There are 2 protein chains.
Amino acid sequence: MIQKELLDHYGAVEKRYEKSDVIFEVGTNAHYYYQIISGEVKMNNYNEEGKEFIQGFFKPGESFGEPPLFVNRLYPANAIATEDSVILAIKKDLFKQFLLEHPSEAISIIENLAQRLHYKAVMAAEIASEDPEHRVLQLIDYAINHFDLSKDDNGYLVDFTRQQIGDLTGLRVETVIRAIKSLEKKQMLKIINRKVYREI
Amino acid sequence: MIQKELLDHYGAVEKRYEKSDVIFEVGTNAHYYYQIISGEVKMNNYNEEGKEFIQGFFKPGESFGEPPLFVNRLYPANAIATEDSVILAIKKDLFKQFLLEHPSEAISIIENLAQRLHYKAVMAAEIASEDPEHRVLQLIDYAINHFDLSKDDNGYLVDFTRQQIGDLTGLRVETVIRAIKSLEKKQMLKIINRKVYREI
DNA sequence: TTCAATTTATGACTTGAGTCATAAGTCTAA
DNA sequence: TTAGACTTATGACTCAAGTCATAAATTGAA
């Protein structure tokens, strides 16, 4: 995350999006650096049959959609507000100028990209080679270790819906539901009134 | 790519690897920044049954394995020399010092990560949601547009084996062979004495 | 408060990618 | 030069995830 005060001198504007507003679409050119002030954003793709794949969720303080600012490519996915959100937007050229004049902030961008690349490397191998139960458990454990899941007496609460887990792992809802049930039977997970918990 | 001369002042050493030598393994800590001088490296994973997933190939001038230098994570995959290779290695701490003292080089790292993140976003959506023919064609078109495929009278030559295409897309060799045959029938590809060509 | 949409759930059936076997062509290192 | 490994190829069979239908519980917006 880059301090808002620093970005303000480079024409940063606060954009407001309502839940389910589209911030940018797959196949278009990148014009802005985006950093979330409040709300939540998801990046996703839809295939020809309308099946969704979720690239990731982004929360306050996080930036998204940088790659096409630095390499000559189009957006590989859509960005959609999943809640009413306020997002800081800086024009591409001004953002690049900012980085040149604040080189230490480049490390912040590197750390962010490094983190996302790590997630994608783990999930790509998982989706390409593992069975549903393995995929679901890997996603849950990744979320516990690297996202901000809350912990209580029952363990870590997995606050994804079954549908979201499916869209993150390339599985159908029914398959996720069955995988979670099976993992519960094997005592790898707990289901307490429909909520999923994991103890590590 | 960062100029070798710049890195030399930070304790860069040339490491030599023979074909199929392991450079680092999944689950271990990162100690070096790696940049290829000559040869080729692949990053991959093996699942429990030994099925391989190839995260990517890296060629002279390219760096690899940076994410765990910048975030506190373990390597998500193995790095293996696919040819006899010479690789520049700089100790993690010295590399970070280098970046602080040569801030403009950070852009080079950002561009590299951005490029790889773009590839992974495209392929993750592909592997999660598309059928074999779509996946194979997407990989080939991505390679044509963003890697260095040679073009001749027959079109772009796809210089991956069917097995490699499978390991890059999460498919079995037989499935790739059948997908390529079917794509040839649909005139999306040409097969000329076992080599695959694509005209765009 | 209510009604529609979403989420979790389960059973029966289908299907396409995986598996296995086999073989011919090609490459490569001794 | 040759033997073994790899690559491309094809057919038959299997099975696990997807599909479809249905329904109850929960959520949330009007």
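**Entry 1: the largest cavity**

I began with the elements around the largest cavity: β5 (52-58) and α4 (104-129) of chain A each supply at least two residues of its lining. Helices (H or I, at least four residues) and strands (E, at least two) are DSSP runs, numbered from the N terminus. I note that this is a predicted model, in which local features need pLDDT of at least 70 and side-chain atom pairs count only at pLDDT 80 or more, while totals for chains, interfaces and linings use all residues. Residues are numbered from 1 along each chain as its sequence is written, chains are lettered from A and ligands numbered from 1 in the order in which they are written, and side-chain values use heavy atoms, with hydrogens and water left out.

On a 1 Å grid over the protein atoms alone, a cavity is a set of points where a 1.4 Å probe fits but cannot get out; a pocket is an open set with protein on both sides within 12 Å along at least five of seven lines; lining residues have an atom within 4 Å of a point. Grid points are joined across faces, edges and corners, and a volume is the space filled by probe spheres set on the points.

The search of the whole structure gave 3 cavities of 30 Å³ or more. The largest cavity holds about 50 Å³ of space. α4(A) gives the largest share of its lining, 5 residues. I found Ala124(B) in this lining together with residues of chain A, including Phe53(A), Tyr119(A) and Leu168(A). By class, the lining has 7 nonpolar, 1 polar and 1 charged residues (Ala, Val, Leu, Ile, Met, Phe, Trp, Tyr, Cys and Pro count as nonpolar, Asp, Glu, Lys and Arg as charged, and the others, Gly among them, as polar).

**Entry 2: the second largest cavity**

I recorded about 40 Å³ of space for the second largest cavity. Its lining takes two or more residues from each of β5 (52-58) and α4 (104-129) of chain B. Ala124(A) is listed there with residues of chain B, among them Phe53(B), Ile54(B) and Met123(B). The largest share, 4 residues, is from α4(B).

**Entry 3: the largest pocket**

The largest pocket has about 840 Å³ of space. It is lined by 39 residues, and those closest to its centre are Gly56(A), Phe57(A), Phe58(A), Glu62(A) and Phe147(A). I divided the lining into 19 nonpolar, 11 polar and 9 charged residues.

**Entry 4: chain A against chain B**

I counted 38 residues from chain A and 38 residues from chain B in the contact (heavy atoms within 4.5 Å). The buried area is about 3600 Å², 73% of it given by carbon and sulfur atoms; this is the accessible area (1.4 Å probe) that two parts lose on being put together, summed over both. In chain A, Arg73(A), Ile110(A) and Leu117(A) lose the most area to chain B, together 19% of what that side buries.

**Entry 5: a sheet in chain A**

I traced an open sheet of 4 strands in chain A, ordered β9-β10-β12-β11 with antiparallel pairing; two strands pair if DSSP finds at least two bridges between them. β9 (151-152) and β11 (190-192) of chain A each have a single partner strand, so one side of each is left without a neighbour in the sheet. Between β9(A) and β10(A) I found 2 bridges, and Lys151(A) stands opposite Tyr156(A).
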